[in-house]
Structures are given as structure tokens and as C-alpha cells.
Amino acid sequence: MERVVLVTGASGGVGLALCQRLLEEDGRIHLCIACRNVQKSEATRDLILATHPAAQVSTVEVDLGNLASVLRAAQELRCRFQRLDFVFLNAGIMPNPQVNFKALWHGLLTGKVLHMLTTAEGIMTQTDRLNGDGLQEVFTTNLFGHFILVRQLQSLLCGNEKPSRLIWTSSSNARESAFSLSDYQHAKGQESYSSSKYATDLTSVVLNRKFNNQGLYSSVVCPGLVMTNMTYGILPVFLWKLLMPIMWLIRFFAKTYTLTPYNGAEAHVWLFKQKPEYLDLLVKYHSCTTGLGRCYVEPRKMDVDEDTAEKLYQKLLELEKQILEKYSELLD
């Protein structure tokens, strides 16, 4: 049978480029694209089929920030498939991003500007809000919605003849300093994106410890700095037009300036071709691009504490229990 591949956040950016590249690697896969609404799903499917007319492409509607939607999507996927070979947990949001120009100027004076520009450390904040479930929206969309999805799809992911794979889209902005176990939803801070991505790294580590013996492996990737709708929302359009030539020059010094969604999907596609048993499960795989445009993958050890990871996992399980009690009518 063909391999079944699910991609969340597939309607644009790295997600769409990933779908195209996966079909270039293996046109026999069954690609299931997950988007927030039917119109986006169908439009994305048509776009993919325009370049890969023989591909098997199906759709599923899921809003990762709406947990009822996640449960309904998981139920639909369980009815439709007998197994999942790959789940690319790519969907994410970064609402109301703001650049701290004062901090950026200070970085320029202290020689730290390149580090700040490649990680956004200290120069970017977000304003989060509560979703309909009373949870922080960034935490839910970027991490917890995916966590619930994985847990609900466990019967399709574990115990298969060949290993199944989870591949999370993280970020170089995932920093321990932005995360706190006592505020793991990041309700009190202004770096919710960074916190959610660090929590993603922690979660992946624990999932490997819990499920490798059942044939499920989890990996984390960083697409680098990619110009997508999310990125373009950080600054006004006219500023991006001024900055783009400079950013192409910076890429000669900052290999994580992948810039295009195609380049940003490099680590995802590389992992698609690897055997998980031989991967370092404490490594984040970074998409990189040389100044002349050659793509490659660079593994880097994650800055994660396994004890903290286990404690976060237990908190996620407690929260999951509350959500499943709330939406018990959506369960089989």
C-alpha cells in the first residue's frame, strides 16, 4: 500500500511547499492536507493537482485552535485510514507580532545583531488571546491542538509494520528563557510563539520516550527564516521591500535565512527519507541555505531538560482529560 502522509497547515508557506516537494520525492504517497476550512482545503488540493495531476490528494478540515474541530477531524481520519505513516505537524500562528526597534539598535551597537536577526531573541513580541475553550490561542494552535490530534490518532500511528513518524515544525526562536512550567500556556508573557515552540521541542522528546517501543518516532525541524504571510505580518509592506535585498545579502553570513518556503521545507523532506531508528532524538534538524542558494540540513542539539519535558507532558495529559470530558459527545 502507498504511504499515507498528513500535513497540517498545508494551504500556504512551508506547508504547501512541503506537499509539493513530498510528491516530487514519492508520487505514490496518499497525501492528506489539513486546513482550517473547506474552501482552503479544496483550493490547496486543486493547486497541488495542477502540478501533480496523478497524485492521490485528500483533504480534512481542522482548526488546530479549536479543540472540537480537532476531535472531529481525528474521528474522520480514523474512519478513513487504517494507518498513518507520516504526520507533519506544521500549522502555527504568530498573532500581532511587534518588533522592538530599541532592542534591535542595542544589538547593533553590541555586536549581537546577527544573532538577534536569526533567532528574533529579544526583538519580537506577540499579543496573545484566549480561544473559545478558554485556553491561550498560540499555545493551543501551535502545540496543544497538535498534541490532542496525535493522541486521538494513536491507533493509526502505533503498532504498524513499519515505523510511523511525527515531524514537528519548531523554530530557532524556541527558547527556554521564554518558557515556564508554571505558565506553560504563556498567559503572562509577550513571547507566546517562542514559548509554544520550546514546549514543542519538550513534547517531542517525551513522545519518543513513551512511544518508540510502539513504532512511533518524533522529530523536530526548524525551517529557518522564511518569507510567508506570517513573516510579512511583522513589518509594513514597504519596509519589507526595502529590507529584502539586504536579507539576501545577510544569507551569506546567516545560513538559516532560507527565505523561500521551498528552501524552508528542506529539513522536513530530508527527514522523510531517513530511517528514524538512526536519528538522534535530542536533535533539531535545521533547514539551511548557502549564500548561493544551495539547500542543506544541519542537526543541532536541542537545549531541553528531560525532567522539565516529562513535567510538561503530565500537565498536557491533565489538560487533555479536561478537554475530553468537555467534548465527550465527540468521542467514539
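Colleague: Which residues of α3 are buried?
Modeller: The buried residues of α3 are L67, A68, S69, V70, L71, A73, A74, L77 and R78. Keep in mind that this is a predicted model.

Colleague: And what do those buried residues pack against?
Modeller: There are strands and helices on the list. The strands are β1 (4-8), β2 (30-35) and β3 (56-61). The helices are α6 (137-152), α7 (154-157) and α13 (306-326).

Colleague: How far apart should the ends of α3 be?
Modeller: Helix α3 covers residues 67-80, which is 14 residues. At 1.5 Å a residue, the helix should span 20 Å, and its end C-alpha atoms are 20 Å apart, so the two values agree.

Colleague: Nice. What caps the N-terminal end of α3?
Modeller: That's N66. One of its side-chain oxygens lies 3.1 Å from the backbone nitrogen of A68.

Colleague: You mentioned β3. Which residue does the side chain of S58 make a polar contact with?
Modeller: S58, which sits in strand β3, has a side-chain polar contact of 2.8 Å with H30.

Colleague: Is S58 buried or exposed?
Modeller: Buried: its relative accessibility is 14%, and the cut-off for buried is under 20%. Leaving out residues up to four places away in sequence, S58 touches H30, L31, C32, I33, R45, R80 and F81.

Colleague: Let's switch to α13. At what angle do α8 and α13 pack?
Modeller: About 90°, with the axes of the two helices 8 Å apart. α8 and α13 are therefore roughly perpendicular to each other. Helix α8 is residues 192-211, by the way.

Colleague: Which residues meet there?
Modeller: On the α8 side, they are A199, L202, T203, V205, V206, L207, R209, K210 and F211. On the α13 side, they are E306, T308, A309, E310, L312, Y313, Q314 and L316.

Colleague: What does UniProt say about residues 302-329?
Modeller: The UniProt entry, which is unreviewed, annotates residues 302-329 as a "coiled-coil region". In the model, that span is 75% helix and 0% strand. Its end C-alpha atoms lie 39 Å apart.

Colleague: OK, new topic: backbone angles. What's up with phi of H186?
Modeller: Phi of H186 is near 60°, a positive value in a residue other than glycine. H186 lies in the loop between β7 (164-169) and α8. At 8% relative accessibility, H186 counts as buried.

Colleague: And what is phi of L259?
Modeller: Near 70°, again a positive value in a residue other than glycine. L259 is in the loop between α10 (237-250) and α11 (261-264). L259 is buried, with a relative accessible area of 3%.

Colleague: What about E25, buried or partly exposed?
Modeller: Partly exposed: E25 has a relative accessible area of 39%. You'll find E25 in helix α1, residues 13-25.

Colleague: What does E25 touch, not counting residues up to four places away in sequence?
Modeller: V269, F272 and K273. E25 and V269 are 244 residues apart in sequence, but their C-alpha atoms are 8.2 Å apart in space.

Colleague: How many contacts in the chain join residues at least 24 apart?
Modeller: Among contacts between residues at least 6 apart in sequence, 73% join residues at least 24 apart.

Colleague: One more residue. Where does V283 lie?
Modeller: In strand β9, residues 283-289. V283 counts as buried, at 8% relative accessibility. Without residues up to four places away in sequence, V283 touches V220, P299, R300, K301 and M302. V304 is 21 residues from V283 along the chain, and their C-alpha atoms are separated by 9.9 Å.

Colleague: Last one, zooming out. How many helices and strands does the protein chain have?
Modeller: It has 13 helices and 10 strands. Buried residues make up 56% of the 332 residues in the chain.

Conventions. Residues numbered from 1 in each chain as written. Predicted model: local features only at pLDDT ≥ 70, side-chain atom pairs only at ≥ 80, totals over all residues. Heavy atoms only, no water. Helix = DSSP H or I, 4+ residues; strand = E, 2+ residues; numbered from the N terminus. Buried < 20%, exposed > 50% of the residue type's maximum accessible area, 1.4 Å probe, protein only. Contact = heavy atoms within 4.5 Å. UniProt positions renumbered as here; feature names shortened; annotations may be inferred. Expected span 1.5 Å × (residues − 1). Polar contact = N/O pair within 3.5 Å; in protein donor to acceptor, adjacent residues only side chain to side chain. Axes fitted to C-alpha atoms, helices over the stretch in contact; angles between N-to-C directions. Parallel < 35°, antiparallel > 145°, perpendicular 65-115°, else oblique.
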